[in-house]
Amino acid sequence: FAIALVAATALPILFMLAPATDVYAADDLAAVWRDGTLTVSVPSKEAPGGAPSVQILDAADKPLAPTTRATRDARGWKAALPVGRQVALEDLAWARVKLDLGNGQTKIVSVSEILRVPVVRLFGQNSYAAGSNASIRLIAVDSHNGEPLPNSEFRVDLVDGAKTTRLFVGRSNNQGTAQADFLMPKGGYGSKQLKVSAITPLGPVALEQAIQIVRRDRVLLTTD
């Protein structure tokens, strides 16, 4: 098969990003951070006595949001805690979730132990030939257990200053992967940004990676 190598810089590279978003775990206590709200999902096995009260505490045991009574959903209980956007995700990881299960029973867990976020991996090149066919591989997984996130929607854009060109839209397969094949625009050589946006079962994630667009006469063809 033919492999297009762009000069000596067309080596496979891996980019990763893992922001916080929406999640629900069927059998485990789980949480998601989005737009200043921490949503805690409590499986029925954790609260057999009924709707638990959920509270989030900082490292000094100070409440970060009002105590919230969980409501029933299809798989258990769910409580949305309005913490506020002023709390950064890295600070939230030090907080703890306290569950009042009734009958004097409580459970306290670290947010870092139950927080689920999507991770997107991008396998591609750091240089592409203008006007040529290009391809990258995208993978979406659960940060907690590495399980694939099927049916994630990927969008790939080429960003050149204020100009954005859509290159690819597609969904991941059952293994959480998608092969993004697209045609690089002609002209416009130099440094650009390759932007990847994904909407996963755990929520949205986006990243930008610097790339170089070079002339086609720098492409070397090799046959294996």
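I looked up Leu122 and found that its bridge partner in strand 13 is Leu138. Before going on, I noted that this is a predicted model, where local features need pLDDT of at least 70, side-chain atom pairs count only at pLDDT 80 or more, and totals for chains, interfaces and linings use all residues. Residues are numbered from 1 along each chain as its sequence is written, and side-chain values use heavy atoms, with hydrogens and water left out.

My strands are DSSP runs of E with at least two residues, numbered from the N terminus. I count two strands as paired if DSSP finds at least two bridges between them.

Strand 11 (residues 118-124) pairs with strand 13 over six bridges, in the antiparallel sense. Next I checked strand 16 (residues 177-183), which runs antiparallel to strand 13 and is joined to it by seven bridges. There, Ser135 has Asp181 as its bridge partner.

Is strand 13 mostly covered or uncovered? I found seven of the 10 residues in strand 13 (residues 133-142) buried, meaning under 20% relative accessible area with a 1.4 Å probe, protein chains only.

Then I turned to an open sheet of five strands, with the order 12-18-17-14-15 and mixed pairing. Strand 12 (127-129) and strand 15 (163-171) each have a single partner strand, so one side of each lacks a neighbour in the sheet. On average, neighbouring strands of this sheet are turned by 30° against each other, direction ignored; the axes are lines fitted to C-alpha atoms, and angles run from 0 to 180 degrees between N-to-C directions.

Last, I saw strand 12 pair with strand 18 (residues 203-214) in the parallel sense over three bridges. Ser127 has Gln212 of strand 18 as its bridge partner.

Key:
Buried means under 20% relative accessible area, exposed over 50%, partly exposed in between (1.4 Å probe, protein chains only). Helices (H or I, at least four residues) and strands (E, at least two) are DSSP runs, numbered from the N terminus.
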